[in-house]
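Please read the points below with the model open beside you, and check each one as you go.

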Amino acid sequence: MFSELLVRFEEVKLPGLAPNTRKTYTHSLAAFRAYFVNEGMDPKAHEVRPGHIQGFLHWRRMRNSDGGKRMAPLRAPTLAKDRAVLHAVFRFGETLEVVQGSPVGTVKPPKGDSRELLILKAEQYEALIGACEGRPMLRAFVLVLGESGIRCESEALWLR
């Protein structure tokens, strides 16, 4: 059963992960339980197909990890993270010889803009510049970014 694979994954793989990674995986595993075990009647792991994975991603877009409905859809990076964790679970299942191949591999990760635009209001922009008081280089950097619209981690650093 799929629930047994999840339990084995938690017992064997989770303890070896970094604390924050473990927390992230645990969140995803809860979503897998809500969908595959609670709503999907706990199929056998080897019976899960790419269509089930696609169904999970569609379901997850508007659900919390406990299965409760969300007010706003999940962003694509979160869905892609859940897909990656699910892929890791099935790869682990391969090592246990519970499944032959991962059905997740043929399902493309959700696409979306991974950046959220942040446009400051005039008073917020002035407050940001004011917060740079006593740090002339930081103030100049913030002004260059704010007035030109260039990206801070690439284009601004290339300026001479």
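Against which helices do the buried residues of H1 pack?

1. The buried residues of H1 pack against H2 and H4, where contact means heavy atoms within 4.5 Å and helices are DSSP runs (H or I, at least four residues) numbered from the N terminus. This is a predicted model, in which local features need pLDDT of at least 70 and side-chain atom pairs count only at pLDDT 80 or more, while totals for chains, interfaces and linings use all residues. Residues are numbered from 1 along each chain as its sequence is written, and side-chain values use heavy atoms, with hydrogens and water left out.

2. In H1, the buried residues are Phe2, Ser3, Leu5, Leu6 and Phe9, buried being under 20% relative accessible area and exposed over 50%, with a 1.4 Å probe and protein chains only. Seen down the axis of H1, these residues fall within an arc of 160°, so they line one face of the helix; the arc is that of the directions from the helix axis to the C-beta atoms. The face turned away from the buried side of H1 carries the exposed residues Glu4 and Glu11.

3. Not counting residues up to four places away in sequence, Phe32 touches Phe2, Leu6, Val37, Phe56, Asp82, Val85, Leu86 and Val89.

Notes: Helix = DSSP H or I, 4+ residues; strand = E, 2+ residues; numbered from the N terminus.
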